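Here is a short report for a reader new to this chain. Look at the sequence and the structure first, then read on.

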Amino acid sequence: MQIMTTEFCGPFQPFRIQVTNRDQEFLCPAGSNLLKAMERKNSGCISVGCRGGGCGLCKIRVVQGEFHSKRMSKAHISDDDLEQGVVLACRISPASDLVIESDQYQPPVAG
Ligand code: FES
């Protein structure tokens with residue numbers, strides 16, 4: 001019999017976020033929004049704007065996994081978007097490991 005302590009239980013472990021179309025991944029603690037966790041890793045795989053749901057720049061598509069969501073403006077996320085898993089990274093936090101696509105990613109300009 002294996003006894004799990006809180007050290008190994010899910011809610012205290014960060015969730016793994018795979019960004020399939022950028023071939024990147026990062027960890028996101030439960031309760032943290034995806035954009036903040038991505039910025040902590042400094043990966044740049046999701047576009048960053050207002051960080052508060054107002055600009056729509058951080059739009060992503062959740063391909064697989066569960067998440068918690070705060071309200072999102074219909075100006076940026078329509079009902080059809082939601083049905084297809086399109087959300088704002090600054091307004092969701094993971095409830096499981098996630099597989100996402102970053103739709104508006106702009107690669108850094110060499111210069
Ligand atoms: S960063 Fe502006 S809506 Fe997410």
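In what order do the elements of the chain run from the N terminus on? The order is β-β-α-β-β-α-β-β-β. That comes to two helices and seven strands.

**Confidence**

The model is predicted. The mean pLDDT of the chain is 86. Of its residues, 82% reach 70 or more. Over residues 1-10, however, the pLDDT is below 50. Beyond near neighbours in sequence, that stretch has two contacts in the model. Where pLDDT is low, the predicted coordinates should not be read in detail. Among the elements, β6 has the highest mean pLDDT, 97. The lowest mean, 93, belongs to helix α2 (residues 79-83).

**The chain as a whole**

The chain has 111 residues, and buried residues make up 25% of them. Take the contacts between residues at least 6 apart in sequence: 61% of these join residues at least 24 apart.

**Strand β1 and its partners**

β1 (15-19) pairs with two strands, β2 and β7. The table sets out both pairings.

| Pair | Sense | Bridges | Residue facing isoleucine 17 |
|---|---|---|---|
| β1 and β2 | antiparallel | five bridges | phenylalanine 26 |

**Helix α1**

Which residues of helix α1 are buried? In this helix (residues 34-41), they are Leu34, Leu35, Ala37 and Met38. These residues cover an arc of only 165 degrees around the axis, so they lie on the same side of α1. They pack against β1, β2 (24-28) and β6. Just after α1 comes asparagine 42, with a positive phi of about 60 degrees.

**The nonpolar core**

In soluble globular proteins, nonpolar side chains tend to be buried together. Here the largest nonpolar core has 23 residues. Ile17, Leu34, Met38 and Ala89 touch the most other members. Two or more residues come from each of β1, β2, α1, β3 (59-64), β5 and β7 (98-102). α1 gives the most, with four residues.

Alanine 89 has contacts in several places. Leaving aside neighbours within four places in sequence, alanine 89 is in contact with Asn33, Leu34, Leu35, Met38, Ile46, Cys58 and Ile60.

**Arginine 91**

Where is arginine 91 placed? It is in the loop between β5 (86-88) and β6 (92-94). Is arginine 91 buried or exposed? Arginine 91 counts as buried because 22 other C-beta atoms lie within 10 Å, and the cut-off is 20 or more.

Which residues does arginine 91 touch, not counting those up to four places away in sequence? They are Asn33, Gly53, Ser69, Lys70 and Met72. Glycine 53 is 38 residues from arginine 91 along the chain, yet their C-alpha atoms are separated by 6.3 Å. Asn33 is a contact of arginine 91 and also of alanine 89.

How values were computed
Residues are numbered from 1 along each chain as its sequence is written. This is a predicted model: local features need pLDDT of at least 70, side-chain atom pairs count only at pLDDT 80 or more; totals for chains, interfaces and linings use all residues. A residue is buried if 20 or more other C-beta atoms lie within 10 Å of its own, exposed if 12 or fewer, and partly exposed in between; C-beta atoms are placed from the backbone. Two residues are in contact if their C-beta atoms, placed from the backbone, lie within 7 Å. pLDDT is the predictor's confidence in each residue, from 0 to 100. The arc is that of the directions from the helix axis to the C-beta atoms. A nonpolar core is a set of buried Ala, Val, Leu, Ile, Met, Phe, Trp, Tyr and Cys residues joined through C-beta atoms within 7 Å. Two strands pair if DSSP finds at least two bridges between them.
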